[in-house]
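Colleague: I am learning how the words used for protein models follow from computed values. Could you take me through this one, setting each term against its cut-off?

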Amino acid sequence: MDAAQADRVRAVLALGGVPQDDLQDGLQQVRLRLLERRARGEDPPRDVGAWSAVVASNLAVDWHRTQHRQERVGERLSLLGPPDDHVPDGTENSLQALTVAEGLDALPDTQRQVLILRYYADLSVPQIADQLGIPLGTVKSRLYAAAKLLRDRLHVEETV
């Protein structure tokens with residue numbers, strides 16, 4: 001895996017909600033899976049960059065699911081304590097970035113995955129279909145639905 005592919009993996013992980021501190025661990029997980037393929041005697045992926053972006057996306061989905069479970073437990077526990085009225089101050093750009101990140105987090109895992117692979121990992125629709133093992137039409141419908149949900153979410157946030 002070259003430096004550009006490693007940067008793409010880090011970007012996919014970050015966009016999938018993996019914290020900055022865990023990006024290197026995620027990159028190592030992708031490299032480990034590539035080595036495991038070799039150890040099993042499998043041929044290397046035709047497109048290592050696309051394959052590694054999909055693996056990173058899957059890792060981000062797994063991390064995201066785990067994080068949501070932990071947040072739900074945290075929310076339940078926070079109901080037992082006093083409310084926190086502190087709201088951090090920030091610039092308009094950071095608020096927009098936060099809104100987009102929250103919008104991505106609100107998407108179903110399958111839709112978030114194809115959206116990130118298409119627009120952030122810069123994979124084509126056929127590459128996504130090939131790497132995920134799903135039909136082209138499924139990729140297209142997930143992209144359409146994800147973009148619509150994200151657009152609707154951002155519009156609601158903007159008007160509120």
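Modeller: In this predicted model, buried residues make up 31% of the 160 residues in the protein. Read along the sequence, the pattern is α-α-α-α-α-α-α, with seven helices and zero strands.

Colleague: What makes Val 12 count as buried or exposed?

Modeller: Val 12, which is found in helix α1 (residues 3-15), has a relative accessibility of 0%. Buried means under 20%, so Val 12 counts as buried. Leaving aside residues up to four places away in sequence, Val 12 touches Ala 53, Ala 56, Ser 57, Ala 60, Ile 116 and Ala 121.

Colleague: How far apart are Val 12 and Ile 116 in sequence and in space?

Modeller: Val 12 and Ile 116 are separated by 104 residues in sequence, and from C-alpha to C-alpha they are 6.6 Å apart in space. For the protein, residues 24 or more positions apart account for 65% of the contacts with a separation of 6 or more.

Colleague: Which residues of α1 and α2 meet, and how do they divide by class?

Modeller: From α1 come Ala 6, Val 9, Arg 10, Leu 13 and Ala 14, and they meet Leu 23, Gln 24, Gly 26, Leu 27, Val 30 and Arg 31 of α2. By class, this contact of α1 with α2 has seven nonpolar, two polar and two charged residues.

Colleague: Why are α5 and α6 described as oblique to each other?

Modeller: The axes of helix α5 (residues 109-119) and α6 come within 10 Å and cross at roughly 130 degrees. An angle has to be over 145 degrees to count as roughly antiparallel, and roughly perpendicular ends at 115, so α5 and α6 are oblique to each other. The crossing in which α5 passes α6 is right-handed. Gln 113, Val 114, Leu 117 and Arg 118 of α5 meet Val 125, Ile 128 and Leu 132 of α6, and by class the contact has five nonpolar, one polar and one charged residues.

Colleague: How do you know that the buried residues of α6 are on the same side of the helix?

Modeller: In helix α6 (residues 125-132), the buried residues are Val 125, Ile 128 and Ala 129. They cover an arc of only 100 degrees around the axis, which puts them on the same side of α6. An α-helix has 3.6 residues a turn, so residues three or four places apart point the same way.

Colleague: What makes Asp 122 count as exposed?

Modeller: Asp 122 lies in the loop between α5 and α6. Its relative accessibility is 55% and exposed means over 50%, so Asp 122 counts as exposed.

Colleague: What is the phi of Asp 122, and which value does Gly 133 take?

Modeller: Most residues other than glycine have a negative phi. Asp 122, a residue other than glycine, has a positive phi, near 60 degrees. Just after α6, Gly 133 takes a positive phi of about 70 degrees.

Definitions and conventions. Residues numbered from 1 in each chain as written. Predicted model: local features only at pLDDT ≥ 70, side-chain atom pairs only at ≥ 80, totals over all residues. Heavy atoms only, no water. Buried < 20%, exposed > 50% of the residue type's maximum accessible area, 1.4 Å probe, protein only. Helix = DSSP H or I, 4+ residues; strand = E, 2+ residues; numbered from the N terminus. Arc of directions from axis to C-beta. Axes fitted to C-alpha atoms, helices over the stretch in contact; angles between N-to-C directions. Parallel < 35°, antiparallel > 145°, perpendicular 65-115°, else oblique. Left-handed = near helix turned anticlockwise from the far one by under 90°. Contact = heavy atoms within 4.5 Å. Nonpolar A, V, L, I, M, F, W, Y, C, P; charged D, E, K, R; others polar.
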